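Please read the numbered points with the sequence and the model in view.

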Amino acid sequence: MKIEILGTGCKKCKELYERTLEAVKVEGIDAEVIKEEDIVKIMEAGLMSTPGLRIDGEVVSYGKVPKIEEIRGYLK
Amino acid sequence: MIGYILNFGWLKDLVTKLLLLFGLDMETRLGGSIHFFIFDVIKILILLSLMIFFISYVRSYFPVEKTKRILEKMGGFKSHIMGSLLGTVTPFCSCSSVPLFIGFIEGGIPLGVTFSFLITSPIVNEAAFIILLGAFGVKVAILYALAGVTVGVMGGYFIHILKLERYVEEYVYNVKMGHTAIQEITRKDRIEFAKQNVKETVSKIWLYLLIGIGVGAFIHGWAPEDLLIKYAGPENAFGVFVATIVAIPLYSNAMGTIPIAEALINKGVGIGTALAFMMATTALSFPEMVLLKKVVKVKLIMIFIAIVGTGILVVGYLFNYFL
């Protein structure tokens with residue numbers, strides 16, 4: 001599973017990254033969690049509000065920092 | 001009666017009674033300052049929480065994507081007005097300034113309209129509006145909002161007339177934005193969003209608020225009225241200018257400056273001066289400039305500061321003149 005945190009590096013993006021790592025750990029999933037900070041790539045993903053969460057190429061959330069429970073839900 | 005409730009007369013009396021219990025007399029400098037401090041802290045926290053919640057809830061109905069779609073279809077001067085108005089209701093954090101800017105431009109929204117949105121948005125934020133409401137009443141709060149919209153509309157329009165598109169970084173025009181399914185927002189999401197906003201705002205500004213109110217309390221009790229009026233009263237045009245300039249490098253959240261403004265105004269500083277200070281702090285904040293630098297060239301940022309700064313000055317003078 002490839003998980004990307006789309007954002008230009010603000011506090012919210014970091015928070016999403018931390019929460020995602022935590023969610024992945026709790027779910028025990030083998031996933032690669034990377035940060036995408038290139039603005040062009042972020043726009044190509046179709047986002048206008050950061051941070052965004054993309055799992056295996058599909059954007060599941062944007063503009064907010066979902067709770068860990070919510071992230072776990074996306075992972076399933 | 002309504003005035004008594006809205007202007008927190010009940011809280012004022014409550015704090016006065018409380019302090020009397022501790023033997024503190026309102027008439028003394030110390031008593032007066034402490035009263036001011038406690039009163040303002042509680043008042044602002046109550047106002048903030050209640051109304052940010054309500055306004056955030058309403059704002060959840062205006063996501064950026066919807067705003068973009070509305071603006072894409074409009075043209076002419078009225079699109080600046082719409083852009084500015086939407087700037088007041090669309091929630092967006094400044095960290096999204098860059099994606100939003102690129103998204104708008106890529107969608108064909110003119111540079112000037114995008115700026116109308118970007119100028120008004122930070123000025124007319126719900127927390128500033130609410131606190132102004134509590135500190136100065138409905139009239140000033142609404143005038144502040146109108147001023148923010150005016151500066152945004154005119155600022156964006158001037159940027160449009162001056163055809164400043166050539167100062168936008170090239171890559172912005174070459175970006176191909178992808179399409180993502182629009183998120184479904186449930187009522188629970190809205191409530192969560194509103195709650196988050198309250199938490200975030202309060203935690204972001206509580207320290208500035210306490211400091212700001214602390215300074216305000218000091219001024220309330222101790223600053224010599226003559227000194228302040230001489231340097232920043234309504235008659236002193238220079239005061240508005242100085243206030244605007246000082247605000248630019250100061251990234252103090254508008255909320256923190258309001259208590260200072262409140263105390264200053266009670267000491268005779270012109271309302272226009274104080275409001276100019278507040279608007280400049282939010283519209284011309286240094287971090288915002290740094291973010292904008294990623295998508296536009298320095299020259300455009302300079303022109304932007306000049307135009308918006310002038311707009312704020314004009315509004316500041318007008319307020320001093322008419323109020």
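1. A residue counts as buried if 20 or more other C-beta atoms lie within 10 Å of its own, as exposed if 12 or fewer do, and as partly exposed in between. B:Asn7 has 17 other C-beta atoms within 10 Å, and is therefore partly exposed. This residue belongs to the loop that joins α1 (2-6) and α2 (9-21) of chain B. The model discussed here is a predicted one.

2. B:Asn7 also illustrates how positions separated in sequence can be brought together in space. How far apart are B:Asn7 and B:Leu133 in sequence and in space? The two are 126 residues apart along the sequence, while their C-alpha atoms are 8.2 Å apart.

3. Chain A may be considered next. It contains three helices and four strands, and these follow one another along the sequence in the pattern β-α-β-α-β-β-α. The C-alpha trace of chain A spans about 30 × 20 × 15 Å along its principal axes. A compact globule of 76 residues would have a radius of gyration near 11 Å, and the 11 Å of chain A agrees with this.

4. Of its 76 residues, 41% count as buried. If one takes the contacts in chain A between residues at least 6 apart in sequence, 64% of them join residues at least 24 apart.

5. Some backbone features deserve attention. Most residues other than glycine have a negative phi, and most peptide bonds are trans. In chain A, however, the peptide bond from A:Thr50 to A:Pro51 is cis, with omega near 0°. A:Pro51 is located in the loop between α2 (39-44) and β3 (52-55) of chain A.

6. A:Asp56 occupies the loop between β3 and β4 (58-62) of chain A. With 10 other C-beta atoms within 10 Å, A:Asp56 is exposed, because the limit for that class is 12 or fewer.

7. B:Lys163, which is not glycine, has a positive phi near 50°. It is placed in the loop between α9 (138-161) and α10 (170-174) of chain B. B:Lys163 is likewise exposed, having 10 other C-beta atoms within 10 Å.

8. The final point concerns the contact between the two chains. Chain A contributes 17 residues to it and chain B contributes 19. On the side of chain A that touches chain B, the elements giving two or more residues are α2 and β4 of chain A. Which element gives the most to this side? It is α2(A), with five residues. By class, this side of chain A has ten nonpolar, five polar and two charged residues.

Definitions and conventions:
Residues are numbered from 1 along each chain as its sequence is written. Chains are lettered from A and ligands numbered from 1 in the order in which they are written. This is a predicted model: local features need pLDDT of at least 70, side-chain atom pairs count only at pLDDT 80 or more; totals for chains, interfaces and linings use all residues. Two residues are in contact if their C-beta atoms, placed from the backbone, lie within 7 Å. Ala, Val, Leu, Ile, Met, Phe, Trp, Tyr, Cys and Pro count as nonpolar, Asp, Glu, Lys and Arg as charged, and the others, Gly among them, as polar. The radius of gyration is taken over C-alpha atoms; the globule rule is 2.2 Å times the number of residues to the power 0.38.
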